[in-house]
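Hi,

Here's the structure I promised to pass on.

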Amino acid sequence: MKKHNFNAGPSILPRVAIENAAKAILDFEGIGLSLLEISHRTKDFEAVNDEAEALFRELLHIPDNYKVLFLGGGASTQFFEVPYNFLEKKAGYVNTGVWAKKAIKEAKLFGEVEVLASSEDKNFTYIPKGYAIPSDLDYLHITSNNTIYGTEYHTDIDSPVPLIADMSSDILSRPVDVSKYAMIYGGAQKNIGPAGVTFVIVREDALGKVSRPLPSMVDYRNHIASKSMFNTPPVFAIYVVKETLKWLKSIGGVPEIQKRNKAKADLLYAEIDRNPLFVGTAVKEDRSLMNVCFVMSEPYADLAPEFLEFAKGKGMVGIKGHRLVGGFRASIYNALPIESVQALVDCMREFEKIHAK
């Protein structure tokens, strides 16, 4: 039975990237050594790192005055590295869910944090809008896509202060005007690679503004000077990032993947809105194109466990909602084909025929 991978992360990757990575594990570029055992200081791996960066720059149109880093530690490490490098007196944060709250918690260790807006009053089912951004902030931090609650910023906001975004779960899913941000960061394990590598896109002249001494490992300038090799980088994960970005370029880049992502999301949201057994949880204007969250409608609430098992029996993997919100979550990241979304829609329709009153 075919499996349809809706996991929220680590998540689906392009098949060609997996196949090429598997070959490289056995014999990297015909050198007789595995990718897992080569030195990151060799010209062979430096070429991998350089190609991954070049592809990232090309696909996202990253300006020359921005540096691209591939680091370890995940986005959660960036939650404290960001204020370490940027927070001198006061920072602004928008609270749109669990990961934003974690970032806020870490930032409070370094200075004053002002939560400018929050959607917690409605269980993070919308993106706050219309809030004032004070001009005396060191930076404004947002989480562009909220994997647990299924909400997403669909445009790049204008900020009078340096804007920093956690784009872990929607990077390269849509065009982004990088020039509007001082920094963009995220874990790779949604759209651009496997778990184990974190991307950082940072405007170089935004660094070096804080007066505190920085530990060597958290100072972005050290990683820039060493081209992501200040310490041993996650070699295998960076290789898979390179292969994933090659795939994305081959299909037409970000404009094409945005078109595909919208078609997938439209298909699934249309079924959620039509099917009397299900209801979406996020407000329509802020629905994520990456993480589609829904629950059973009230008359059918007790059928949730049965639907989960029914869907599993049809090959649906990873659609159980996050433990904090329950229900269902279909993560439809870049590499997920629309055929998998259609399979889930067919599954929902079949379940409706069995149970609709």
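Before the list that follows, one cut-off: a residue counts as buried when its relative accessible area is under 20%. Also bear in mind that this is a predicted model.

I'd start with helix H6, residues 235-250. H6 is mostly covered, with twelve of its 16 residues buried. The buried ones are Val 235, Ala 237, Ile 238, Tyr 239, Val 240, Val 241, Lys 242, Glu 243, Thr 244, Leu 245, Trp 247 and Leu 248. So what do the buried residues of H6 pack against? Their partners are H1, helix H2 (43-60), strand S2 (66-71) and helix H7 (253-274).

On length, H6 runs 23 Å from its first C-alpha to its last, which is close to the 22 Å expected at 1.5 Å a residue. After H6 comes Gly 252, with a positive phi near 120°.

The axes of H1 and H6 come within 9 Å and cross at roughly 140°. The crossing is right-handed. On the H1 side, the residues involved are Val 16, Ala 17, Asn 20, Ala 21, Ala 24 and Ile 25. They meet Phe 236, Tyr 239, Val 240, Glu 243, Thr 244 and Trp 247 in H6. By type, the residues of this contact divide into nine nonpolar, two polar and one charged.

The peptide bond from Gly 9 to Pro 10 is cis, with omega near -5°. You'll find Pro 10 in the loop between strand S1 (4-5) and H1.

Which phi values are positive in residues other than glycine? Phe 124 has one, near 60°, and Leu 172 has another, near 65°. Phe 124 sits in the loop between strand S4 (112-118) and strand S5 (140-143), while Leu 172 belongs to the loop between strand S8 (163-166) and strand S9 (183-187).

Cheers

Definitions and conventions. Residues are numbered from 1 along each chain as its sequence is written. This is a predicted model: local features need pLDDT of at least 70, side-chain atom pairs count only at pLDDT 80 or more; totals for chains, interfaces and linings use all residues. Side-chain values use heavy atoms; hydrogens and water are left out. Axes are lines fitted to C-alpha atoms, for helices over the stretch in contact, and angles run from 0 to 180 degrees between N-to-C directions. Helices (H or I, at least four residues) and strands (E, at least two) are DSSP runs, numbered from the N terminus. A crossing is left-handed if the near helix is turned anticlockwise from the far one by less than a right angle, and right-handed if clockwise. Contact means heavy atoms within 4.5 Å. Ala, Val, Leu, Ile, Met, Phe, Trp, Tyr, Cys and Pro count as nonpolar, Asp, Glu, Lys and Arg as charged, and the others, Gly among them, as polar. The expected span of a helix is 1.5 Å times one less than its number of residues. Buried means under 20% relative accessible area, exposed over 50%, partly exposed in between (1.4 Å probe, protein chains only).
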